[in-house]
Amino acid sequence: MPGITAKSGVICPAGLSETENTAGNKPRGPLIEHSGRSAGMPVKEPSHQVVPVSEPRSLYLHIPFCPSICPYCNFHKMRRNEGLVAAFLERLTEEAGALYAHFGGELDTIYFGGGTPSHLSDGELAAVIAILERTWGWPAKKETTLEADPLTFDRNRLDTFGVLGFDRLSIGVQSSQDDVLRFLGRLHRGHEGLAAIDMALEAGFNVSADLMTAVPGQDTARDLHTLAQTGVPHLSVYTLTIEPQTPFARRGVTVDQDRDADDFELAHTVLHGYGLERYEVSSHARPGFESVHNRVYWRGSTFFGLGPSAASFLPVRGAIGERRKNHVIKAWLAGEPAEVLPVTAEDYLLEMLMTGLRTRHGVELDTLAARTGLHLEERYRPVLEDAFKQGLLRRVGRRLIATEQGLLRLDGLLRRFFQQPPQD
Ligand code: SF4
């Protein structure tokens with residue numbers, strides 16, 4: 001099953017989620033890969049009807065511009081120029097207007113991911129915000145996040161981010177070690193990433209930082225302790241993965257799988273000691289600082305995606321919903337309609353397993369049955385029984401939760417569900 005890498009968080013084709021700009025393999029933007037089991041080929045041209053959207057309502061905006069291109073990155077990104085940014089803003093105005101016409105109302109969360117959204121100037125960010133103000137409104141009711149590279153802001157700019165309406169920053173620190181950052185092709189140095197976290201905390205933002213693990217030459221324990229000691233209330237920890245067609249792949253860079261597994265366990269142990277609990281495979285937070293926006297993806301709620309390569313999960317009358325995936329920038333600027341994948345009950349069931357089992361909350365069996373009309377426990381009984389016996393899954397009330405062992409082996413566990421035909 002391509003695209004599922006549980007510990008790296010890559011369950012999506014072009015990118016899904018805590019969507020920061022800088023980690024190589026975190027789930028990017030709201031793009032959830034379709035199981036492909038029953039929906040057939042993507043069809044072009046959505047056929048939306050105006051459908052009421054249930055709470056929560058979230059929006060992801062993909063801003064694909066980066067100051068430099070990292071050799072491990074397979075996200076949709078590019079260097080910027082003034083003409084390209086102007087065209088981006090023009091197309092965004094059209095796209096937001098069209099989507100809003102079908103799905104109006106206020107938003108609970110807004111997430112600016114990329115790319116490096118903080119690579120836009122203050123004026124450009126204000127122009128994007130004006131587009132959202134004219135449609136859904138700005139800021140979001142619960143959480144408004146900006147992904148930011150450590151070198152793109154100082155104390156004054158943080159004040160501007162606050163005035164613009166952002167309340168949460170996701171900072172792409174990746175490591176506190178200069179050699180590791182150099183290897184990853186990052187422009188900042190270790191002390192600059194740490195200073196960026198300190199500044200953002202002092203300025204009163206809800207801060208998340210990204211840390212990459214299993215990087216050759218990295219002292220992972222030192223990085224985990226150093227970042228946790230900043231007092232950051234949310235840390236996203238991602239394994240370096242070597243994606244095809246990237247410069248790292250062409251250079252033959254490899255990641256040691258034992259080291260990968262060791263770092264995954266180490267992250268849990270070290271961060272737990274600082275009160276940062278793993279609440280999703282890659283996400284650790286102090287109680288109350290869990291990402292509100294990402295929960296929307298993990299729980300299968302509606303989200304709107306704007307920008308090149310962004311995805312949406314939209315309600316459709318008489319069906320579970322449809323996933324819509326935007327084209328990359330050239331076709332997106334030309335106004336080509338997004339690809340649309342209808343989501344069947346079986347697709348949704350498997351998607352919710354993929355995302356729900358990543359989280360400490362797990363999968364709510366009764367909610368899933370009510371939404372799909374399908375009963376997971378009946379349809380996948382042999383796989384479930386086997387997983388219970390092996391200590392990979394446990395049942396807590398009416399929720400299905402992956403154990404620590406299950407999280408470590410989540411890729412293989414999920415593969416079994418996809419490989420076994422459901423029992424009718
Ligand atoms: S900064 Fe840009 S190139 Fe580097 S990992 Fe993030 S999106 Fe990719």
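Author: Take helix α6 and begin with what covers its buried residues: the cover includes β5 (168–174), β6 (206–213), β7 (234–239) and α8 (257–272). This is a predicted model, in which local features need pLDDT of at least 70 and side-chain atom pairs count only at pLDDT 80 or more, while totals for chains, interfaces and linings use all residues. Residues are numbered from 1 along each chain as its sequence is written.

Some terms come next. The helices (H or I, at least four residues) and strands (E, at least two) are DSSP runs, numbered from the N terminus. A residue is buried if 20 or more other C-beta atoms lie within 10 Å of its own, exposed if 12 or fewer, and partly exposed in between, with C-beta atoms placed from the backbone.

Helix α6 spans residues 220–228, and its buried residues are T220, D223, L224, L227 and A228. Seen down the axis of α6, these residues line one face of the helix, because they fall within an arc of 120°; the arc is that of the directions from the helix axis to the C-beta atoms. An α-helix has 3.6 residues a turn, so residues three or four places apart point the same way.

For contrast, turn to a loop residue. E106 sits in the loop between α1 (82–102) and β3 (109–114). E106 counts as exposed because it has 11 C-beta neighbours inside 10 Å. Beyond its neighbours within four places in sequence, E106 is in contact (C-beta atoms, placed from the backbone, within 7 Å) with W136, G137 and K141. The C-alpha atoms of E106 and W136 are separated by 5.3 Å, although the two are 30 residues apart along the chain.

Technical notes
Contact = placed C-beta atoms within 7 Å.
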